[in-house]
Amino acid sequence: MSDEHRTVVEMLGAFALDQLDDHERTRVLAHLDSCTRCRAELDDIAPLAQPLRQVDPHTLTSTPAPPPGLDDSIVHEIRSQQARTGQVRPRWVVPVVAAALTAIVALPLGYLAAPSPPDQPVEPVVVAIEDRDVEAGAEVIPHTWGMEITLAASGFEADETYRVVVTSDDGRRVSAGEFIGTGDQEMTCNLNSSVLREDAAGFEVRSEAGELVLTSSL
């Protein structure tokens, strides 16, 4: 086996996974034109490499990992086969097999994570602030179950509880939850109300003492 042949054999795994740069890829392609043995090796690798290309990492909720000890068991099995047959396998075998097994773990996770829920429209709203120490901005997000209010603010008195109420077009006052002030520290909180966006006339924030702090007309 020539040095060139040995080098190309060791590059076949990366070639099958499209991990070579242009120079290395051209070198492998040139060798494959004249080497039936390497073409046969590549045909063996291709079925393992194909599933890896179908994995979309953006659909995974966490980084998958093969079971503990899997790498050692693969290496042990390959060395056992070498001892029995006296045949030395090229070095691409271990990484490609390990990667294929990782893909087998990853594919079900990707299926469970997809499809992603559609993005919800976000509506910035104007707020009127009654407390001069408070700075705030708000957005509302319509949902099928009601309306979500995202409040980004600072200046709400630390450790004091504030209550948020949504008023509907027919005059109903429905709670959207509570939050605790963080003083000068900026905060972002999400508050939920069962009033649908198209039925909401506005919302307000009041202190524990019932003092009006913030209002918004929708």
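Two strands count as paired if DSSP finds at least two bridges between them. In this predicted model, strand β8 (residues 200-206) and strand β9 (residues 212-217) meet that criterion, being joined by five bridges and running antiparallel.

**The five-stranded sheet**

β8 and β9 belong to an open sheet of five strands, ordered β2-β9-β8-β5-β6 with antiparallel pairing. The edge positions are taken by β2 (128-129) and β6 (173-180); each has a single partner strand, so one side of each is left without a neighbour in the sheet. Strands of a sheet pair through backbone hydrogen bonds, either parallel or antiparallel.

Strand β5 (residues 161-168) contains Thr161. Is Thr161 buried or exposed? Its relative accessibility is 16%, and the cut-off for buried is under 20%, so Thr161 counts as buried. Leaving aside residues up to four places away in sequence, Thr161 touches Glu178, Phe179, Ile180, Arg206, Ser207 and Glu208.

**The four-stranded sheet**

A further open sheet has four strands in the order β1-β3-β4-β7, and its pairing is antiparallel. At its edges stand β1 (123-125) and β7 (187-193), each with a single partner strand, so one side of each lacks a neighbour in the sheet. On average, neighbouring strands of this sheet are turned by 25° against each other, direction ignored.

β1 is joined to strand β3 (residues 135-143) by three bridges, and the two run antiparallel. Within this pairing, Glu123 has Val140 in β3 as its bridge partner.

**Strand pairs**

| Strand pair | Bridges | Sense |
|---|---|---|
| β8 and β9 | five bridges | antiparallel |
| β1 and β3 | three bridges | antiparallel |

Which strand lies between β2 and β8 in the five-stranded order? That strand is β9, as the order β2-β9-β8-β5-β6 shows.

Technical notes:
Residues are numbered from 1 along each chain as its sequence is written. This is a predicted model: local features need pLDDT of at least 70, side-chain atom pairs count only at pLDDT 80 or more; totals for chains, interfaces and linings use all residues. Side-chain values use heavy atoms; hydrogens and water are left out. Axes are lines fitted to C-alpha atoms, for helices over the stretch in contact, and angles run from 0 to 180 degrees between N-to-C directions. Buried means under 20% relative accessible area, exposed over 50%, partly exposed in between (1.4 Å probe, protein chains only). Contact means heavy atoms within 4.5 Å.
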